[in-house]
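The sequence and model are shown first.

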2 protein chains.
Amino acid sequence: MSDAAPAATLHSYWRSSCSWRVRLALRLKGVPYSYEAVPLAHGAQHAAPFRALNPAAQVPVLRIDGVTLRQSVAILEYLEETRPAPPLLPRVPAERAHVRAIVEAVNAGTQPLQNLAVLEYVKGRWGDEERLAFARHWIEEGLRVVEALLKDSAGECCVGDDVSFADLLLVPQVYNAERVAVDMESFPTVVRVVRHLERIPAFVDAHADRQPDAPMSQT
Amino acid sequence: MSDAAPAATLHSYWRSSCSWRVRLALRLKGVPYSYEAVPLAHGAQHAAPFRALNPAAQVPVLRIDGVTLRQSVAILEYLEETRPAPPLLPRVPAERAHVRAIVEAVNAGTQPLQNLAVLEYVKGRWGDEERLAFARHWIEEGLRVVEALLKDSAGECCVGDDVSFADLLLVPQVYNAERVAVDMESFPTVVRVVRHLERIPAFVDAHADRQPDAPMSQT
């Protein structure tokens, strides 16, 4: 973080994997921001002030450059277009497409099936054991796809040795997988890449447990 | 379609909403392509030849420019980068972000919760009535978000009067909504935009019912 006044406000929840993606992009690109906690556990996302920012009642919301942005992947693309350095996408279109394929395998292929609202629905209708089985099943399906995509491209990171959007999506997803005790031994490339990424300072700072609204926050 | 030899091969299924998005982009940009049907109803996506193209066993796959591309939104971005005319994203970053927010509200917020694999899981565990209730519930939740996002931006199309990625996502999603009898009266902006889009020739040609593998295909 620089000493300049924050250029942006991020409406975030510590354990929201979609908020986490945006925290990573802001830190990697060195964009100062102020952190506005939205306590999802208390339903704050449904209150009128937040709904005025995002009718979807979802975090993250990023207020930056005089505009209000919603949906994490849309926000990542905006930051890449307006703050290209350091790049989080390769230069060659086919490689960019591969990064975005990994992004979508998490963003559309995994995360939506294990987010809070969906798991509450499953729990409310069929009970807590079914909730856990549902989450595990779809995270495993999603990580199987990611593992296969990474086999062709991974170096230290998902695609070669440079951090890209794909890495920003992968780390929070693996955190969620470990929360529901997915057996990660089936996904050796995923695990190897995540262990590398976790040591990068921006990834340390953006971690759920380090956010101001985390219980026992270490910041 | 031009008379030139196809520059691309699209592996598609007639009723796959994600394949439909890519068919629309190819037609709007005038990219000739050959159509390779992947009969999902017979499990062809799980056979070895197709898995070699896409380990996720999902359509669409686009082979173009000597590369193999997966995940529909990644493919749309690739086509926009390599074939910028006519544009399917606005020029201003904040407007591009709004288009992509609508895209994600469908791509991550709606479609994954009503795709074939997920509904088969729900049906297998809890029966066919629950399958239908699940699909309706999440499509309604998703369209509520899309409707709210469109209120600020819609003209004839999702964002102003020019076709964008958002429109390519919306039309197949509304087709799916109507298949499970979602009450569309709650989404008047969505319906108005879709009725406009359906009259555009590229949208007529890319429709599920017009594909070579559709039963009673009208092509």
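A cavity is here a set of points on a 1 Å grid over the protein atoms alone where a 1.4 Å probe fits but cannot get out. In this predicted model, the count by that rule is one cavity of 30 Å³ or more. The largest cavity holds about 70 Å³ of space.

Which residues line the largest cavity? Chain A contributes A:V73, A:A74, A:E77, A:R100, A:V103, A:E104 and A:F165, while B:V73, B:E77, B:R100 and B:E104 come from chain B. By class, the lining comprises five nonpolar, no polar and six charged residues. At least two lining residues are supplied by each of α3 (72–82) and α4 (93–107) of chain A and α3 (72–82) and α4 (93–107) of chain B.

## Nonpolar core

The largest nonpolar core contains 154 residues. Those with the most contacts inside this core are A:F134, A:L168 and A:L170, together with B:F134, B:L168 and B:L170.

## Annotated domains of chain A

An unreviewed UniProt entry lists "domain: GST N-terminal" at residues 6–87 of chain A. This span is 35% helix and 22% strand, and its end C-alpha atoms lie 21 Å apart.

For "domain: GST C-terminal", UniProt gives residues 92–216 of chain A, also in an unreviewed entry. Residues 92–216 are 65% helix and 0% strand, with 43 Å between the end C-alpha atoms.

Conventions
Residues numbered from 1 in each chain as written. Chains lettered and ligands numbered in written order. Predicted model: local features only at pLDDT ≥ 70, side-chain atom pairs only at ≥ 80, totals over all residues. Heavy atoms only, no water. UniProt positions renumbered as here; feature names shortened; annotations may be inferred. Helix = DSSP H or I, 4+ residues; strand = E, 2+ residues; numbered from the N terminus. Core = buried A, V, L, I, M, F, W, Y, C linked by side-chain atoms within 4.5 Å. Buried < 20%, exposed > 50% of the residue type's maximum accessible area, 1.4 Å probe, protein only. 1 Å grid on protein atoms, 1.4 Å probe; cavity = no way out; pocket = protein on both sides within 12 Å on 5 of 7 lines; lining within 4 Å. Points joined across faces, edges and corners; volume = space filled by probe spheres on them. Nonpolar A, V, L, I, M, F, W, Y, C, P; charged D, E, K, R; others polar.
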